[in-house]
Every structure is written in structure tokens, then in C-alpha cells.
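Trainee: Please take me through the aromatic ring pairs in this protein, in some detail.

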Amino acid sequence: MSSPVVNSRDQQVPNLLWAIYACAKDNDERAKELIYRKMYGYVTAVVCRYIKNTYDTEELVNESFIKAFRAIHTFNYADREEDKIEKFFYGWIGRIAANLSIDHLRSRKHFQAQDDWAEEELKLIPVSPSDELEVQDILKLLDQLPEIQRTIFNLYEVEGFSHEEISTQLKIPESTSRTYLTRGKQKLRLLYKQLMEMNKKN
């Protein structure tokens with residue numbers, strides 16, 4: 001990792017770019033504190049998309065930072081524009097948090113692949129690229145999906161994992177990942193439709 005260009009103002013007020021470098025090069029405690037404070041809310045949000053138990057969530061958030069600090073020297077931004085480094089770092093640490101959450105679910109055998117929705121019912125809800133759901137509506141409805149569908153939806157649509165990566169993570173065939181993603185989207189659309197109908201009545 002090459003040294004970032006830090007101007008005089010940055011030296012007075014350390015930023016994320018400085019913190020990444022200082023943490024990787026010198027294991028700087030002040031840099032770790034800055035990263036922790038800046039990224040805590042984001043890492044917590046990632047973990048909460050998979051884990052609902054408050055105690056487990058807190059443990060996994062802390063574990064995510066520990067793992068990130070140990071591996072931060074592997075985060076390479078040499079050929080990236082300075083204004084994009086923060087975005088890449090969010091994605092990098094987000095993947096660490098997501099991977100740890102999935103490992104936790106697998107180790108505790110929390111995955112329930114059962115689907116309580118009849119396939120005939122779901123087939124009535126088309127999946128159309130032009131039929132976009134509002135982001136906030138999706139986040140509210142996600143908790144109503146079966147755990148396996150919610151997890152795959154998060155990994156694919158939110159975290160940006162490929163079906164090949166999800167297959168490796170969850171130890172399922174790629175075709176199964178694609179099927180659960182499709183069924184998760186179908187159920188979200190049905191739930192969204194029901195929500196809109198309920199709002200019209202109120």
C-alpha cells in the first residue's frame with residue numbers, strides 16, 4: 001500500500017484515507033478509533049440485514065472490525081481516484097461483515113430453506129425489471145421473507161455478491177441461489193401489493 005497524499009488540512013483533521021494508511025502501516029490506535037467511529041453505523045446495518053439477535057449483532061460487528069484491522073494491509077487503493085477510495089473501503093469492510101454474518105448463520109444452523117408460500121401463488125406475481133420497488137419499502141418488507149430468501153436477496157442485490165460466490169458461501173448450487181432470489185423478489189412484490197392495497201383502504 002503506497003502512502004496517500006495528505007495535505008496540511010488533512011494533517012490537522014485526520015480523514016478516512018489517512019486512517020486506512022496509518023492503521024495498515026503503523027497499527028495506529030487513533031486511526032482505528034476514527035475508522036470504528038466512522039464505519040460503526042454502516043457495519044451494524046450490514047450485520048442487521050442478516051442477524052436479528054441484538055447480542056449476536058454486537059458481537060459480529062466487533063468481530064468485523066477486528067478482522068478488518070488485521071487485514072487492512074490487503075486493502076489496495078493504489079490505482080483508484082482519491083474521491084472513490086472511501087466507497088471502495090465501505091464495500092470492502094461490508095463484505096467482511098456479510099461473510100462473518102453468513103458464517104454465523106451456518107454455524108448456528110439458523111438457515112431454514114422451507115418456503116411457506118405456495119409456488120402457484122407466487123407465479124401470479126411477475127418479476128419485471130420495470131416494476132421497481134422503493135428501497136425503503138423493500139427494507140421494511142425484507143424481514144417477512146424466509147431466512148434463506150432474505151439472505152440471498154441481501155447478498156446479491158445489496159452486497160453485490162455473484163450467484164457463484166453465494167453458492168460457495170452457503171454451500172448450495174448456483175441454480176438454488178437463483179431460484180431463491182427469484183422467489184424472494186416475487187414474495188416482496190406480493191407483500192408490496194398487499195401493503196399498497198391496505199394503504200388505499202386506510
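Mentor: Rings of Phe, Tyr and Trp (its six-membered ring) count as a pair if their centres lie within 6.5 Å; planes under 30 degrees apart are called stacked, over 60 edge-to-face, and the rest tilted. On that basis, ring pairs join Tyr-36, Tyr-40, Phe-65 and Phe-69 into a cluster. This is a predicted model, in which local features need pLDDT of at least 70, side-chain atom pairs count only at pLDDT 80 or more, and totals for chains, interfaces and linings use all residues. Residues are numbered from 1 along each chain as its sequence is written, and side-chain values use heavy atoms, with hydrogens and water left out.

The count by this rule is 7 aromatic pairs. In one of them, the ring centres of Phe-65 and Phe-69 are 6.1 Å apart and the planes are at 35°, so this pair is tilted. Both residues belong to helix α4 (residues 54-71), where Phe-65 and Phe-69 are 4 residues apart, about one turn of the helix. Helices here are DSSP runs (H or I, at least four residues), as are strands (E, at least two), and numbering starts at the N terminus. Phe-65 has a relative accessible area of 2% and is buried; the term means under 20% relative accessible area, with exposed over 50% and partly exposed in between (1.4 Å probe, protein chains only). Phe-69, at 17% relative accessibility, also counts as buried.

Another pair is formed by Phe-75 and Phe-89: their ring centres are 5.2 Å apart and their planes are at 80°, so the pair is edge-to-face. This pair links distant parts of the chain, with Phe-75 in the loop between α4 and α5 (82-107) and Phe-89 in helix α5, 14 residues apart. Phe-75 and Phe-89 are both buried.

Arg-95 lies over the face of Phe-161, 4.0 Å from the ring centre; the rule asks for NZ of Lys or CZ of Arg within 6 Å of the ring centre and within 35 degrees of the ring normal.

As for the setting, the secondary structure consists of 10 helices and 0 strands. Buried residues make up 43% of the 202 residues in the protein. Of the contacts with a separation of 6 or more, 67% are between residues 24 or more positions apart, a contact being heavy atoms within 4.5 Å.
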